[in-house]
Amino acid sequence: MSGHCGKSEPILIDEEILKKAVMEQGPQYEAGLIATAEEIVFSEVPKLHLQYRNILKIDHLWEFTSLTKLELNNNLIRKIEGLDCLISLTWLDLSFNSIEKIEGLESLRKLEVLNLSNNRIPVIENMDTLEKLTIFSLTNNLLEQLDNVLYLRTFKNLFTLNLLGNPVHKDDDYKCFIAAYFPNLMCLDYRHLDQKTKNEASIKYHYVLEKIKRDGLLMQQAAEAEQRKEAELQLHHDAFVEFLNGSYLFKNMLKDDPEADKLHYLPGMASLLHTFEHQMVELCMQLFETGLAEHKRRETEVNSFFSGQSKAVPHYQQRASQILADFEQQHRERIEELHHLSDPEVLMVKVNHCKDEINLLCNNLMALDFQLYSQLEDIIKKFDINISDMVGSFIETVQGIFAQCRDLEDNYNEKVREIAVATLEKVAKDNLEEDMPDDVRMLFTDKDTVMEALATGHDNHLQTINDRETQLVTRVNAWKVALVKGIQDTELKQSRMRISDIHRYMDYLREQLEESH
């Protein structure tokens, strides 16, 4: 299914072939200088014609980052590869090759036209990222399954589809099937898809299409619900209270308890455990709600800071622009005056005066930048104090609630020990009335083992509580430090850039002055 011209030897793409191809295209691009005898700038080439060259493999295209159209048709290519850097590509022609699988297109998110006609492709696949695809040609390939074409329904912009010459095209219901499942399609197999055909297809496939519509709606609703869930989890994470709105911490405490399941058979344990869980969940919900409220407060403070910061900068920019405008008008007049002076002494006086004015401008702009930096530094310091107070208050509340969790665990452990001791005594006296599994009864014949299990469980519970507290406190502190440092570093970088710009401009003025006399 592939067609090639000539009987030349197969070749691999290299730099010389690419240079030759660009040169053959001529200086037809912007400024007419992308391809010259002296230099070829691959990164600026918008189109590349590599058809009819007996190319075996796609390679050496990583510099063509501005390429929008690539023609590789009528070659000997067996695999789609080497296209990852062509992120600007909108048109790709790989027709008349020996390709057996659709692959290697993941990076071509801007692709609009894809021609894979006259290859050996049996399946439409691996095109999920081509959301902007409008024209897809797969004529004269090996596509057999009509249902496989439904893969293309996800491409909402697809208006031209060419599948002529595939086994699937022989299906008696082919045209009606495509028209029904692709109602927005305008052209099919190089012919206009008329409204009459679409209407007939819609009637024939009415029930199927309705089911697809319902299924699509359900999928959309499920996707939206998943997005809401992810957004909610992200909010909880940003507030440092993820998985605290329920019994997660409680269950996490108990999951690694030695002999925990056996202890649950003790008389009164079910009620005790239920009460413990209820009290722990109440404290966790208190933590959770406090975390969300404090997150909102911090978010408001951060937004307020950036708003204040953004208002301070334009004021100084306006003042700097006015200073520059006043200087430049007078500077032009002074330079013009220098051009008309012939007396060396007068000229020297005027030049020195110009130098003094340039130095004065530099000092004024530097002083203005220092004022801006100082004001922003004060705003940052105030913000640091405010956000540190908020974080400190939140941590204090968090530590208080976790302390209550530890108290609950101590109280629970004490009551469990009382039940365990009473059970040990009953077992020792063979006076146990409750029905109990043999392995539980056997456990309570050894007091040391029971007490050790209780102590280990108690330690594990407290460790779980402590770990969650440490995690929360560490993360909120790290967030605060990173936030303030990031703001300080950004402002320092911007200040240095402003100062560098001032010095560059002063150098330019001084060079201009030297050239004027």
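**View 1. Helices H7 and H10 side by side.** In this predicted model, in which local features need pLDDT of at least 70, side-chain atom pairs count only at pLDDT 80 or more, and totals for chains, interfaces and linings use all residues, helix H7 (residues 269-339) and helix H10 (residues 447-515) pack at an angle of about 5°, with their axes 13 Å apart. Helices (H or I, at least four residues) and strands (E, at least two) are DSSP runs numbered from the N terminus, while axes are lines fitted to C-alpha atoms, for helices over the stretch in contact, with angles running from 0 to 180 degrees between N-to-C directions. H7 and H10 are therefore roughly parallel to each other, given that angles under 35 degrees count as roughly parallel, over 145 as roughly antiparallel, 65 to 115 as roughly perpendicular and the rest as oblique. Residues of H7 including Phe305, Phe306 and Phe327 take part in the meeting with H10, whose residues there include Trp479 and Tyr505; contact means heavy atoms within 4.5 Å. The contact of H7 with H10 has 14 nonpolar, three polar and three charged residues, where Ala, Val, Leu, Ile, Met, Phe, Trp, Tyr, Cys and Pro count as nonpolar, Asp, Glu, Lys and Arg as charged, and the others, Gly among them, as polar.

**View 2. Helices H8 and H10.** The axes of H8 and H10 come within 10 Å and cross at roughly 175°, which makes H8 roughly antiparallel to H10. Sorted by class, their contact has 43 nonpolar, 11 polar and 15 charged residues.

**View 3. Helices H2 and H3.** Helix H2 (residues 174-181) packs against helix H3 (residues 195-204) at an angle of about 85°, with their axes 8 Å apart, and so H2 is roughly perpendicular to H3. On the H2 side, Lys175, Cys176, Ala179 and Ala180 meet Thr197, Lys198, Ala201 and Lys204 of H3. This contact of H2 with H3 has four nonpolar, one polar and three charged residues.

**View 4. The largest pocket.** Of the 15 residues that line the largest pocket, Gln317, Ala320, Asp369, Arg498 and Ile502 lie nearest its centre. On a 1 Å grid over the protein atoms alone, where a 1.4 Å probe is used to find cavities that it cannot get out of, a pocket is an open set of points with protein on both sides within 12 Å along at least five of seven lines, and lining residues have an atom within 4 Å of a point. H7, helix H8 (344-428) and H10 each give two or more residues to the lining, and the largest share, six residues, comes from H7. By class, the lining has nine nonpolar, three polar and three charged residues. Residues are numbered from 1 along each chain as its sequence is written, and side-chain values use heavy atoms, with hydrogens and water left out.
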